[in-house]
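Student: I have a new structure open and would like to learn how to read it. Could we go through it together, feature by feature?

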Amino acid sequence: MTDRDWEHALGGLHALLWEGNELIGHASLVQRRLLHGGRAIRTGYVEGVGVRADRRRRGHGAAMMEALEQVVRRAYDLGALGATDQAAAFYAARGWQLWQGPTSALTPTGIQRTPDEDDCIYVLPVGAPLDLSGELCCDWRDGDAW
Ligand SMILES: CC(C)(COP(=O)(O)OP(=O)(O)OC[C@H]1O[C@@H](n2cnc3c(N)ncnc32)[C@H](O)[C@@H]1OP(=O)(O)O)[C@@H](O)C(=O)NCCC(=O)NCCS
């Protein structure tokens, strides 16, 4: 995880998992705008998800996601995240849906395709009308756009 990745995880809500004094898990939810279907959808974007290696497969990741998903459902029109290959099955098992259409980013020089991300963006539908095979464009930031 780079400094930029960490910066992307700041400014929203953090789910922290403690075992005594030791932090063994982290996930956060930040607000972004995703362009889709002619709308700028207010999106709860999940960042910085990780459980300490020796504490995985004990339900900790699920507990953090459950907490953040509740916030997404109550406070946003859409949930979204960019999954690592390792974590894709984890999100899919929780009902997150793989975006099927082309992805892009609203860069300072206009909309640019982000083909490398096409197979790793997952969404949690809430209220916004969605066509999963349509275009999905994220707002701009330094570092990885998604
Ligand atoms: C992804 C991650 C956060 C999952 O945390 P976790 O605490 O191990 O997950 P849980 O124990 O809550 O798993 C819940 C369910 O998700 C699924 N799941 C979790 N990890 C999985 C994996 N590696 N492969 C397949 N399914 C997985 C399973 O269905 C699991 O239930 P089960 O153990 O009863 O079969 C953890 O593996 C991790 O920190 N990975 C490294 C960092 C990373 O890739 N983060 C994601 C960035 S997008």
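Student: How much space lies in the largest pocket?

Tutor: Let's begin with the idea. On a 1 Å grid over the protein atoms alone, a pocket is an open set of points where a 1.4 Å probe fits, with protein on both sides within 12 Å along at least five of seven lines. Points are joined across faces, edges and corners, and the volume is the space filled by probe spheres set on them. Here the largest pocket holds about 1,000 Å³. Its lining (residues with an atom within 4 Å of a point) counts 36 residues, and Val-49, Gly-50, Thr-84, Ala-87 and Tyr-91 are the closest to the centre.

Before we go on, two notes on the source. This is a predicted model, in which local features need pLDDT of at least 70 and side-chain atom pairs count only at pLDDT 80 or more, while totals for chains, interfaces and linings use all residues. Residues are numbered from 1 along each chain as its sequence is written, and side-chain values use heavy atoms, leaving out hydrogens and water.

Student: Which strand gives the most to the lining of the largest pocket?

Tutor: Helices (H or I, at least four residues) and strands (E, at least two) are DSSP runs, numbered from the N terminus. Strand 3 gives the most, with 7 residues. Among the other elements that supply at least two residues each are helix 2 (60-75) and strand 2 (22-36).

Student: In what order do the elements of the protein run from the N terminus?

Tutor: The order is α-β-β-β-α-β-α-β-β-β-β-β, made of 3 helices and 9 strands. The radius of gyration, taken over C-alpha atoms, is compared with a globule rule of 2.2 Å times the number of residues to the power 0.38. For these 146 residues the rule gives 15 Å and the model has 15 Å, so the protein is as compact as a globular protein of that length.

Student: Is Ser-104 buried or exposed?

Tutor: Buried means under 20% relative accessible area, exposed over 50%, and partly exposed in between (1.4 Å probe, protein chains only). Ser-104, in strand 6 (residues 103-107), is buried because its relative accessibility is 6%.
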